[in-house]
Amino acid sequence: MNSMTGYGYKETVVENTQISVEMKSVNSRFLDLSINLPPFLNPLESRLRKLVSDKIVRGKVDLTIRVHDNNSTATITPDPAAAIAYRDAIAQIAAALGKPADDIPLGLIIQQEGVLNITHEYDAESYWEKIAGVFDEVFKQFLADRTREGENLCRDLLSKLDMLNECAAFFQEWQPQMEARFKEQITKKFNELLGDHADENRIMQETAAMLVRYTINEEIIRLHSHLAALRNEIQTNPTPGKRIDFICQEANREINTIGSKNQFTEVGQKVITAKDALENIREQCKNIE
């Protein structure tokens, strides 16, 4: 089990190239991957996307890679014709202003557009050879962070699940008393309505028919089944977040039904305890991959 939150970062120099890789994630219903690269590394995006998506199922993940090459990759190409054209144009302006053309600074001509053309030679694959090791280290750090937090979440979920199992056992223990109370109330109502004319067999038949609707036996059986499925997801499914939420919804229906049929304060308190534990599990599963 992994948390959807994690962080990894490293900055280092590889073959005179400064590289920084940062990876962080927060909760999301699906995988939302954002990759931020220098434009010349865009050819690497699909590769990085696959590496991340092969390991991550859910979460809003931000991956940022920054590169600064300490060796110049610039190729400078002069355009003498453009320089002469700028010089002649500036000389005409100087003459019009009564200034000597010899005063035109060389720096003024050089800084004009097109006089010096600068291009950079980038090979994304050669940069990947430098980046790959740093990325791999950060990715492992990031995954380990999510796993570590996931282990904490797992312990918390299992403790809440133990509480739910205790509540289910309590409901089962009190089931006979709930049915006895219901039978008592049905018998009392028949006697109040019919007095001495109450038919014992009729009372038993009606009570049996009503118990089919008001017993909590089926709810307890289904609740135990849901809790067993929940434990199985927590302990065996590496990405149980969505399944846990679904099972919790099903378990919540059974607990609500038990609460609606209950007539004992003790059982009502356990219903509140069970609903609180279940809600905590549902909240925590929002943090689970």
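This section describes the secondary structure, the helix packing and selected residues of a predicted model.

The protein chain contains 8 helices and 6 strands. Along the sequence these elements follow the order β-β-β-α-β-β-α-α-β-α-α-α-α-α. Of the 289 residues in the chain, 35% are buried. When contacts between residues at least 6 apart in sequence are considered, 81% of them link residues at least 24 apart.

The loop between β1 (6-14) and β2 (17-26) holds Glu 15, and Asn 16 is placed in the loop between β1 and β2 as well. Most residues other than glycine have a negative phi. Glu 15 has a positive phi, near 50°, and the phi of Asn 16 is also positive, near 65°. The relative accessible area of Glu 15 is 60%, so Glu 15 is exposed. Asn 16 has a relative accessibility of 34% and therefore counts as partly exposed.

Thr 64 belongs to strand β4, which spans residues 59-69. With a relative accessible area of 13%, Thr 64 is buried. The side chain of Thr 64 is joined to that of Asn 36 by a polar contact of 3.3 Å. Apart from neighbours within four places in sequence, the residues in contact with Thr 64 are Ser 20, Val 21, Glu 22 and Asn 36.

Helix α4 covers residues 124-194 and includes Gln 175. Gln 175 has a relative accessibility of 12%; since buried means under 20%, Gln 175 falls in the buried class. When residues up to four places away in sequence are not counted, Gln 175 touches Thr 215, Ile 216, Asn 217 and Ile 220. Of these contacts, Ile 220 is also one of the α6 residues that meet α7.

Helix α6 (residues 217-236) packs against helix α7 (residues 241-261) at an angle of about 155°, and the two axes lie 9 Å apart. An angle over 145 degrees counts as roughly antiparallel, and α6 and α7 are therefore roughly antiparallel to each other. The crossing of α6 past α7 is left-handed. On the α6 side, the contact is made by Glu 219, Ile 220, Arg 222, Leu 223, His 226, Ala 229, Leu 230, Glu 233 and Ile 234. These residues meet Arg 243, Ile 244, Ile 247, Cys 248, Glu 250, Ala 251, Glu 254, Ile 255, Thr 257, Ile 258 and Lys 261 in α7. By class, the residues of the contact of α6 with α7 comprise 11 nonpolar, 2 polar and 7 charged.

Ala 228 is also located in α6. The relative accessibility of Ala 228 is 47%, so this residue counts as partly exposed. Ala 228 and Asn 165 are 63 residues apart along the chain, and their C-alpha atoms are separated by 9.1 Å.

Helices α7 and α8 pack at an angle of about 165°, with 9 Å between their axes. The two helices are therefore roughly antiparallel to each other. As for α6 and α7, the crossing of α7 and α8 is left-handed. The α7 residues in this contact are Gly 241, Ile 244, Asp 245, Cys 248, Gln 249, Ala 251, Asn 252, Ile 255, Asn 256, Ile 258 and Gly 259. Their partners in α8 are Val 271, Ala 274, Lys 275, Leu 278, Ile 281, Arg 282 and Cys 285. The contact of α7 with α8 divides into 10 nonpolar, 5 polar and 3 charged residues.

Val 271 is part of helix α8, which runs over residues 265-285. Val 271 is buried, with a relative accessible area of 8%. Leaving out neighbours within four places in sequence, Val 271 is in contact with Phe 171, Ile 255, Ile 258 and Gly 259. Val 271 and Thr 257 are 14 residues apart in sequence, and the distance between their C-alpha atoms is 9.9 Å.

Conventions: Residues are numbered from 1 along each chain as its sequence is written. This is a predicted model: local features need pLDDT of at least 70, side-chain atom pairs count only at pLDDT 80 or more; totals for chains, interfaces and linings use all residues. Side-chain values use heavy atoms; hydrogens and water are left out. Axes are lines fitted to C-alpha atoms, for helices over the stretch in contact, and angles run from 0 to 180 degrees between N-to-C directions. Helices (H or I, at least four residues) and strands (E, at least two) are DSSP runs, numbered from the N terminus. Angles under 35 degrees count as roughly parallel, over 145 as roughly antiparallel, 65 to 115 as roughly perpendicular and the rest as oblique. A crossing is left-handed if the near helix is turned anticlockwise from the far one by less than a right angle, and right-handed if clockwise. Contact means heavy atoms within 4.5 Å. Ala, Val, Leu, Ile, Met, Phe, Trp, Tyr, Cys and Pro count as nonpolar, Asp, Glu, Lys and Arg as charged, and the others, Gly among them, as polar. Buried means under 20% relative accessible area, exposed over 50%, partly exposed in between (1.4 Å probe, protein chains only). A polar contact is a pair of N or O atoms within 3.5 Å; within protein, one must be able to donate a hydrogen and the other to accept it, and residues adjacent in sequence count only if both atoms are side-chain atoms.
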